[in-house]
Amino acid sequence: MTWIQDYQPAGGLWVSALLAALPIVVLLVALGVVRFSAHLSAALALVTALGVALLLYRMPAALAFDSAAMGVVFGVWSVAWIAFHAVYFHNVTVATGRFDSIKRVLAGFSEDRRLQALLIAFAFGALLEGVAGGGSPIAITAAMMAALGFPPVKAVVLALLANTAPVAFGGLGNPLIVLGRLTAPIMHLKQDQATELFSAMVGRQVPVLALIIPAFLVVVLAGWKRMLEVWPAVLTAGLAFAAMQFVASNYISASLVDVLAALTAMAALWVLTRFWQPATVWRFDGEESAVSTTAKSDRRAFYAWMPYIILILAIFLSRIGTIFKNLPAWLDLTKLLHKADWIFAWPGLHNHVVQHPPITAKNTPYAATLTVDFLFSPGTVALIAAVISGFAMGAGPGLLLKTYRRTLVQMRWALATIFMILAIAFVMNYSGATQTLGLALATTGAVFPLFSAYIGWLGVFLTGSDASTNSLFGPMQVISAQQLNLNPILAGATNTSGGVMGKMISPQNLSIGATAIGQSGKEGSLLRQTFLWSLLLTAVVGVISLLQATILTALIPSP
């Protein structure tokens with residue numbers, strides 16, 4: 001059975017686009033207006049996507065349900081496997097008690113609240129984002145700062161704002177891995193190649209934000225004048241993070257970007273404070289000086305960082321073939337791990353859907369292949385690192401299994417949401433709905449790069465996840481760019497970079513932050529304090545993208 005896509009099933013492009021967008025509208029209304037849970041909202045949107053595919057696009061039922069099934073399986077391996085084991089890795093550090101040692105060291109870094117915010121909210125939050133992603137950085141850093149004496153609501157606002165710089169590469173590079181795997185067939189690239197290109201492009205956008213965010217954070221906390229008093233720390237944190245973010249994203253691996261950048265920023269701040277301290281220690285009004293009970297002399301604190309060192313080494317070794325070219329076969333662990341890959345065509349869907357101009361130059365069968373990289377996946381590497389770290393920190397098999405079960409319970413609804421979001425994306429891609437939206441957005445012309453950032457922003461606001469946003473809107477962004485003769489790598493990267501600014505206003509993350517400090521019901525207050533900043537920072541991303549599309553085209557990487 002062969003079926004040809006129709007990009008204007010309602011007779012006109014914009015009418016068709018409005019109807020094609022119904023699954024997204026349902027998701028928006030269910031999440032943001034009716035305030036259903038994420039998994040229930042995704043389920044309603046999936047039913048809507050299937051309805052649009054069957055009734056509007058006249059897609060054969062077998063193809064529609066096959067595409068949904070493939071989306072679920074893609075979600076299981078390419079997204080959930082990575083996200084789950086990233087969180088499991090973090091949970092192992094908590095279960096072994098080593099995470100408490102890290103918190104004591106961070107708390108004893110300085111009595112100055114501005115420096116504490118830079119270290120905990122910005123640098124350590126980025127480390128948590130790079131390892132686990134999701135809402136864990138917001139919950140953990142907000143709770144830590146509140147325990148140290150920060151006003152609870154202010155602690156959450158700082159955690160939300162700081163969580164912007166690392167989100168594009170969060171969860172071991174998962175957002176860009178998802179984007180690369182979904183859009184590689186559209187751009188006629190290999191999946192790993194697409195991921196590397198997107199990583200490099202995002203690494204030429206978000207470091208600008210990393211330079212801004214530390215100063216921005218301290219201004220929100222203490223005001224412009226108080227920020228200038230600690231400008232060496234602000235500059236050190238931002239510059240160290242941005243420089244390593246650029247280097248790692250372009251020359252090492254998307255999976256290591258946030259981890260390396262965060263550790264670099266933390267180390268740079270520590271070194272700086274050995275030689276420099278602010279002239280006056282800034283505290284909150286009415287707060288008395290306290291003698292800090294640090295854990296600097298606690299030797300166990302050194303071992304607390306062991307899991308992160310093991311994780312970095314594991315990912316580095318697994319990616320060594322992409323970092324150093326032309327290695328001997330016995331040393332190229334990357335190539336050895338790829339030998340376990342399983343690539344197969346999805347039965348009943350592969351090449352059964354036909355795309356045609358203007359999406360393709362001529363009638364072209366739409367491939368439906370799935371790659372399962374059993375050993376190379378960051379999820380597998382994180383699992384191995386978690387087990388090794390657990391044993392190194394004294395955990396037995398029983399504790400590791402108990403933590404694994406607890407992580408399954410903790411993430412059950414998040415995993416279900418991931419599966420359904422990916423199912424929606426695949427149904428929209430294979431039915432032609434994504435292509436219709438892409439053609440409609442292409443009519444925005446020269447301002448599309450600016451508009452592109454707000455599409456990503458909207459996606460993260462809806463889903464709370466940059467990976468989910470890349471699933472929903474990544475293919476649409478790439479197709480729109482192709483229609484405008486713009487570089488699709490830039491469009492996909494801007495979807496990711498713009499999306500990070502929606503993180504601070506996502507209902508999911510607002511709820512996580514409020515719950516972490518025992519202030520459930522304060523989500524509205526948090527939204528009011530972050531919404532304008534979110535819009536303004538997204539505009540910065542849009543302007544960067546527009547400049548790269550018109551003047552700074554040399555910054556766009558090529559295959």
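How much of the accessible surface of the protein chain belongs to carbon and sulfur atoms? The share is 68% of about 21,200 Å². The legends below refer to a predicted model.

**Figure 1. Overall fold of the protein chain, with 26 helices and five strands.** The radius of gyration is 23 Å, close to the 24 Å from the globule rule for 559 residues, so the chain is as compact as a globular protein of that length. The C-alpha trace spans about 75 × 50 × 45 Å along its principal axes.

**Figure 2. Burial and contacts in the protein chain.** Of the 559 residues, 58% are buried. Take the contacts between residues at least 6 apart in sequence: 79% of them join residues at least 24 apart.

**Figure 3. Charges of the protein chain.** There are 30 positive and 19 negative charges.

**Figure 4. The kink in helix α4.** Helix α4 covers residues 61-95. A kink of about 45° is centred on A80. G97 follows α4 and has a positive phi, near 85°.

Figure 5. Helix α23 runs over residues 466-483 and contains Q477. The relative accessibility of Q477 is 0%, so this residue counts as buried, the cut-off being under 20%. Leaving aside residues up to four places away in sequence, Q477 touches F448, S452, I455, G456, A491 and N495.

Note on methods
Residues numbered from 1 in each chain as written. Predicted model: local features only at pLDDT ≥ 70, side-chain atom pairs only at ≥ 80, totals over all residues. Heavy atoms only, no water. Helix = DSSP H or I, 4+ residues; strand = E, 2+ residues; numbered from the N terminus. Rg over C-alpha atoms; globule rule 2.2 N^0.38 Å. Buried < 20%, exposed > 50% of the residue type's maximum accessible area, 1.4 Å probe, protein only. Contact = heavy atoms within 4.5 Å. Areas by Shrake-Rupley, 256 points an atom, 1.4 Å probe, with all protein chains shown as cover. Lys, Arg positive; Asp, Glu negative; His and termini not counted. Charge placed at Lys NZ, Arg CZ, Asp CG, Glu CD. Bend = angle between axes of the 7 residues up to and from the residue.
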